[in-house]
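Trainee: Hi! Could you walk me through this structure before I start working with it?
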Amino acid sequence: MRPHAPALICRLQAHPARPATPVCPRGSACCKLKPVDRRTFVTLAAAAPLAAAPIDVPAYRVVTPFPKSQNPGMPGPYPGQAVRVHSEKSIDPASGKVDLETVRKMLSTGMRALTGDTRDDDAWARFVSPKDTVGIKVNCSGAPRIRSSPEVVGAIAERVMAVGVPAERIWIYERFMNQLVTVPYRNFVPQAVHIHAAETDRGSVMGYDPKVYVETDFFGEEDTRSNLTRIVSETLTKIINVPNMKEHQASGVTGCLKNIAYGNFSNVARSHRNEKTNTYSFIGTLAAVEPVRSRVVLAVMDGLAGVWHAGPFSNNPRFRFYPKELMIGTDPVAMDRQLIDIIEAKRKAEGAISIFNQSREILGDNRDPNKNAYIREPGHVEYASKLGLGVYDQAKIQVKRIEL
Amino acid sequence: MILLAIAAALPGVFWDAPPDTAAALREAGIRRIVVPAEQVAAWKQVEGIAVAAGDPRQAVKVRTPAVNYRFDQASASRVPWIDSNGWRFLRQPDGRFFYDSGGAAAALAAAEAFAWGANAMVKTDAAGLKPLGDMLAFAAGIESAAMQPVVDFGFVDDGSATAGEVMNLLVRHTLLFRVVKAPDPKLKLTVQLGSRKYPLEAAKNPGAMAQMVRADLTDERRSLRIYGSAVVVGRVESAPGRVRVHLVNYDGGRKVNGLRVRVAGRYANYRLAAAGNPDLALMDYDAQPDATEFTLPELKTYAVIDLLK
């Protein structure tokens, strides 16, 4: 585990009035350079691993009426496993056109490889039943250039319906409507499938559940709560997570964990300020909140296209790449661990610094792939493993690679 | 008697145009105005409009309340700059204040003054008359009751500009205080700039000082918390068995779509009055032993929520 640097964190916040001492707002997370106040952790389901947590992990207060599940969806029935299916035919990088039939085959092959089943319906029936209301959590933070491909989402919806879930009980959802509407999901699913955003009006709290939230004060912000989307707590019984393969300026990578954490809770951008980001512990903490942890039962990481720098956006085509693969599993940590290697390998091939480089020298204009706006926190994946969300140790992860 | 009390609490409309503009006032629903002394006699001839004399030069001129997003200087969506006069009202509780606010901002000015119980006059232009008249009608409909401000700490105001700016930041963060001359043991905290705990040097960064006060108070002991907007400022008053929460949206031109509010204490019932939203109801009302929470689905400019035991 990477050691945190408390002195660095406070230096970033210093102001001339107190050059010798940190002047972060008293009580704010950036200055909690002390063991976690356990009184504030009373409802944190996964509190046990925090005994070994880095000392600057903020004090999180998790409020939820949902009990801890004995069989949570994460890491689910296939901990420490990931299936990677590659096909050269899946996408044409020049045009961006996705071959839907190839995507269907990749999904089918991957699901059968994960479960050991010979029939698609049997494989999918392990995760959803006709009684379920199923959410497909897409990632549109870089849309329209990079997003969960509508072809992949459409293929997933087909399989969910094949199990017997009616179209009207399938919800494709994201946080922000202005991003969601830029992707033509409607063209790939029946009209009855819902396409839903928590924030039709950016910044509105109305799409979030006031009874389920994580409270913490990172930088002295007044609104200290991040609430879960209502659709997750009130409507969905199962969620299929469909992230992309992307580097992320703050968290290092954005895959399964971040899509299900920052993509399901409000008011999360507050975790970054200047070059400091609290993604290290916040992502895992959010992902572990019930009912998120129980209801996310499957992840299909869309790696047809990806971003190796300046993510989660894809404003500069230079930083886009085409892994041409789908990664499937139930363990978000094991899958994101693979993502780290994918991004690192690509960055190395491009001559860019590692996402684990946390020196201040990297700070700068990220049009240069060796510069970044934040000190990245790819350690968030390992941190999530300590909350019980999955397996981080690569030696203990079984990866099945399939070429179509 | 009650009507008189209400009238005294309402901001006055300062109007220095001649009596032949009375129709515009009537159309806006404005029936009481404050005019320069030399115009009182002429206005007294106008039927249906009550007149009093007032002199803006004898009042403290205050800023038109607003949000300044300062796109080039700050994070627009997280911590916009709020021009609030709450701290001035707290510094001079017996003061007389004057707003010169054109257009819809006149309504926001009236709301702010009413929320703080300030003795204020609002001058506006033709475009501001209707919004101002509507806001005054709304305020007049709020049940008059003898209430005391709810405060969490005291602030020793030395009258300096530094203290004023710290008070301004405290108000903008909905940190509830009253001005005291000396520490009051009945309060949770007393803030005195220049003390060891709150050195003057640190007060040069008033935002950081406000955060220090907040941290010392702790969020758990705050009587009012607002989640979901950085442009809403709140104030709380109390009477036996009830509290009244005032919420002012300083971005009056753009409604806030949803606010979560936490008020210390358990209150089983509520009454909501939202300006421009007569049919609005609170959502997700949750009265716990230590605090009551609710969601206000929409806030245009001003809302008053009475919470009742």
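Mentor: Happy to; we can go through confidence, then helix packing, then sheets. Keep in mind that this is a predicted model.

Trainee: Okay, confidence to begin with. What average pLDDT does chain A have?

Mentor: Chain A averages a pLDDT of 89, and 86% of the residues score at least 70.

Trainee: Where in chain A does pLDDT stay under 50?

Mentor: One stretch is residues 1–25 of chain A, where the model has 44 contacts beyond four places in sequence. Another is residues 29–55 of chain A, with 51 such contacts.

Trainee: Good to know. On to helices: at what angle do α2 and α4 of chain A pack?

Mentor: Helix α2 (residues 100–115) and helix α4 (residues 150–163) of chain A pack at about 55 degrees, and their axes are 9 Å apart. So α2(A) and α4(A) count as oblique to each other. Their crossing is right-handed.

Trainee: And which residues make that contact?

Mentor: From α2(A) they are A:Leu100, A:Val103, A:Arg104 and A:Leu107, while α4(A) brings A:Glu151, A:Val152, A:Ala155, A:Ile156 and A:Arg159. By class, the contact of α2(A) with α4(A) has six nonpolar residues, three charged and no polar ones.

Trainee: Switching to chain B. How do α5 and α6 pack there?

Mentor: Helix α5 (residues 105–115) and helix α6 (residues 126–140) of chain B pack at an angle of about 25 degrees, with their axes 7 Å apart. Because angles under 35 degrees count that way, α5(B) is roughly parallel to α6(B). As for handedness, α5(B) passes α6(B) in a right-handed crossing.

Trainee: Who's touching whom in that one, and what classes are they?

Mentor: On the α5(B) side you have B:Ala106, B:Ala107, B:Ala110, B:Ala111 and B:Phe114. The α6(B) side includes B:Gly128, B:Pro131, B:Leu132 and B:Asp134. The residues of this contact between α5(B) and α6(B) divide into ten nonpolar, one polar and one charged.

Trainee: What about α7 and α9 of chain B, how do their axes cross?

Mentor: The axes of helix α7 (residues 161–172) and helix α9 (residues 206–217) of chain B come within 8 Å and cross at roughly 60 degrees. That is why α7(B) and α9(B) are called oblique to each other. Here too α7(B) passes α9(B) in a right-handed crossing. In this contact, B:Glu165, B:Val166, B:Leu169 and B:Leu170 of α7(B) meet B:Pro206, B:Gly207, B:Met209, B:Ala210 and B:Val213 of α9(B). They divide into seven nonpolar, one polar and one charged.

Trainee: Great, now sheets. What's the strand order in the open sheet of three strands?

Mentor: In chain B the order is β11-β10-β12, with parallel pairing. The edge strands are β11 (177–180) and β12 (190–192), each pairing on one side only. Neighbouring strands of this sheet are turned by 30 degrees against each other on average, direction ignored.

Trainee: How many bridges link β10 and β12 of chain B?

Mentor: Strand β10 (residues 153–156) of chain B and β12(B) pair over three bridges. B:Gly154 stands opposite B:Thr190 in β12(B).

Trainee: And the open sheet of five strands, is its pairing parallel or antiparallel?

Mentor: Antiparallel, in the order β9-β14-β15-β20-β17 of chain B. Its edge strands are β9 (148–149) and β17 (269–274). Within it, eight bridges join β14 (residues 232–239) to β15 (residues 242–249) of chain B, and B:Gly234 stands opposite B:Leu247 in β15(B).

Note on methods. Residues numbered from 1 in each chain as written. Chains lettered and ligands numbered in written order. Predicted model: local features only at pLDDT ≥ 70, side-chain atom pairs only at ≥ 80, totals over all residues. Pairing = 2+ DSSP bridges. Helix = DSSP H or I, 4+ residues; strand = E, 2+ residues; numbered from the N terminus. Axes fitted to C-alpha atoms, helices over the stretch in contact; angles between N-to-C directions. Parallel < 35°, antiparallel > 145°, perpendicular 65-115°, else oblique. Left-handed = near helix turned anticlockwise from the far one by under 90°. Contact = placed C-beta atoms within 7 Å. Nonpolar A, V, L, I, M, F, W, Y, C, P; charged D, E, K, R; others polar. pLDDT = per-residue confidence, 0-100.
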